[in-house]
Amino acid sequence: MCVAGIGITGVSVATTLLGLGARVTAVDGGAGARLQDRADALEAAGAVVRLGDAQTLPQDSTLVVTSPGWRPDSPLFAAAADRGVPVWGDVELAWRLRGPDAAEWLAVTGTNGKTTTVRMLASILEAAGLRTAAVGNVGTPILDAVTSREPYDVLAVELSSYQLHWAPSVRAHSAVVLNVAADHLDWHGSMDAYAADKGRAYEGNRVACVYNTADPATERLVRGADVVEGCRAVGFTLGSPGLSELGVVEGILVDRAFVENRRTHAQELAEVTDLAWPTGDEVVDGGVPGPAPAPHNVANALAAAALARAYGVPATAVRDGLRAFRPEAHRIAVVGTVGGVTYVDDSKATNPHAAAASLAAFDQVVWIAGGLAKGADFHDLVRRARPRLRGAVLIGADRHLVRDALTQHAPDVPVVDLDQTDTGAMAAAVHAATRLAQPGDTVLLAPACASMDMFVNYGERGDAFAAAVADLR
């Protein structure tokens, strides 16, 4: 069997296959000390590892298991197709390795909000006393969870569009597509192909297909899904919920889907204030409570609650799980308040849709944006954000695309265009933003772009932002 890529996913796949007695050849086009260490470990376990050549299919391959990021037009996959060799992802392999009493899967996908939602879901399931884990595109490798000696009751499974593309057989108990916006089009080839891969999460659902009433694309995916007879469409909304929906009424998250007499009754689940989690890195003059929840995080909580309720979790567990949840770093995290200006790290906002949600959470913003655009368009983002923008500071390889959108749709907004790409670039951006900001404003790192032009990943970018804010003090 051929394993494509020896990152975290590839190592998990190769180790699992070796444990099943398979002959494994792992291929990776990369190089470097870290990759060589992984190759050495896999060879010691019995695999053949071929570094520097990711295009040639090993002669004896009967199956290719790919890491999520490998493009579908890779020569390796073309060779597999020519020889009739199937290509699976790690999620597909995990699904096929499930035993007869395996844990149910509650699946979460969408352009943005997947990790936050799946971790909220896991927190709710834990509060209900269930053995669970956040797996898939986050947390525990899904193969490790499926092959665990101590079985799980239910799994909260984050699925990227890449993973869904290579997982044709997965059939979840229930699933949610949080939103669909242009992203990774260079990988999928078109918006239609991208949306279709997202929609695979609904295929074969038995209990509930959860969708976002504010995003018609998610409802269209539900309508087009081939589900088990009796599976329900369940919406979530930031407004008052209709029949078979979860929503918000006077600051309360309520359920009108998984209750008796839902035509006349609703179940209280939690208060919106239960989502005002303190952030671990928060440093605030004089000390204040955690920030009010951003609207998109309220939506994420409703989606997580819907999946948990579909599985039969009581309302009290939804409340307790949401209260216990803490967001991961670099997701609308307050990293400091200096001179009356609040500094917020949302480095995870790596596309325009995510940045739009982040910008909508604040009234007056000095926006730090830019990086690798991945083929994205910024005109609609800037048009919608214009009333909130005090100024903008642009960084990164594709900052000119953001600048062009600002020039057209927000010509009166002051813009600082930084061409620095060295280690001091983020500090320069923070200082420039500080000069534009006034007391009461928010300096927001929500780049709307990927980070790899200047940083190893979005985490390093966010850490650089937080360090620069710390230096201000």
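Visitor: Which residue forms a salt bridge with arginine 386?
Guide: This is a predicted model. The closest N and O atoms of the pair are 2.5 Å apart. A salt bridge needs such atoms within 4 Å, so this pair qualifies. The partner of arginine 386 is aspartate 412.

Visitor: How many residues apart are arginine 386 and aspartate 412?
Guide: Arginine 386 lies in the loop between helix 14 (379-385) and strand 18 (389-394). Aspartate 412 lies in the loop between helix 15 (399-409) and strand 19 (415-417). The pair links distant parts of the chain, with a separation of 26 residues.

Visitor: Is aspartate 412 buried or exposed?
Guide: Aspartate 412 has a relative accessible area of 53%. The cut-off for exposed is over 50%, so the label follows. Aspartate 412 is exposed.

Visitor: What is the relative accessibility of aspartate 197, which meets arginine 200 in a salt bridge?
Guide: The two side chains come to 3.5 Å, N to O. Arginine 200 is partly exposed at 30%. Buried means under 20%, so aspartate 197 falls in that class. The relative accessibility of aspartate 197 is 5%.

Visitor: How many salt bridges does a search of the whole structure find?
Guide: The pairs include arginine 386 with aspartate 412 and aspartate 197 with arginine 200. The search of the whole structure gives a count of 18.

Visitor: Are the rings of tryptophan 70 and phenylalanine 77 stacked, edge-to-face or tilted?
Guide: The structure has three aromatic pairs. In this one the ring centres are 6.1 Å apart and the planes meet at 45 degrees.

Visitor: Which residue joins Trp70 and Phe77 in a cluster of ring pairs?
Guide: Tryptophan 70 is buried at 17%. Phenylalanine 77 is buried at 6%. Ring pairs link both into a cluster with Trp166.

Visitor: How far from the ring centre of tryptophan 95 is the charged end of arginine 98?
Guide: Elsewhere, the charged end of lysine 348 sits over the ring of tyrosine 458, 5.5 Å from its centre. The charged end of arginine 98 sits over the tryptophan 95 ring, and its distance from the centre is 3.9 Å.

Technical notes: Residues are numbered from 1 along each chain as its sequence is written. This is a predicted model: local features need pLDDT of at least 70, side-chain atom pairs count only at pLDDT 80 or more; totals for chains, interfaces and linings use all residues. Side-chain values use heavy atoms; hydrogens and water are left out. Buried means under 20% relative accessible area, exposed over 50%, partly exposed in between (1.4 Å probe, protein chains only). Helices (H or I, at least four residues) and strands (E, at least two) are DSSP runs, numbered from the N terminus. Rings of Phe, Tyr and Trp (its six-membered ring) pair if their centres lie within 6.5 Å; planes under 30 degrees apart count as stacked, over 60 as edge-to-face and the rest as tilted. A charge sits over a ring if NZ of Lys or CZ of Arg is within 6 Å of the ring centre and within 35 degrees of the ring normal.
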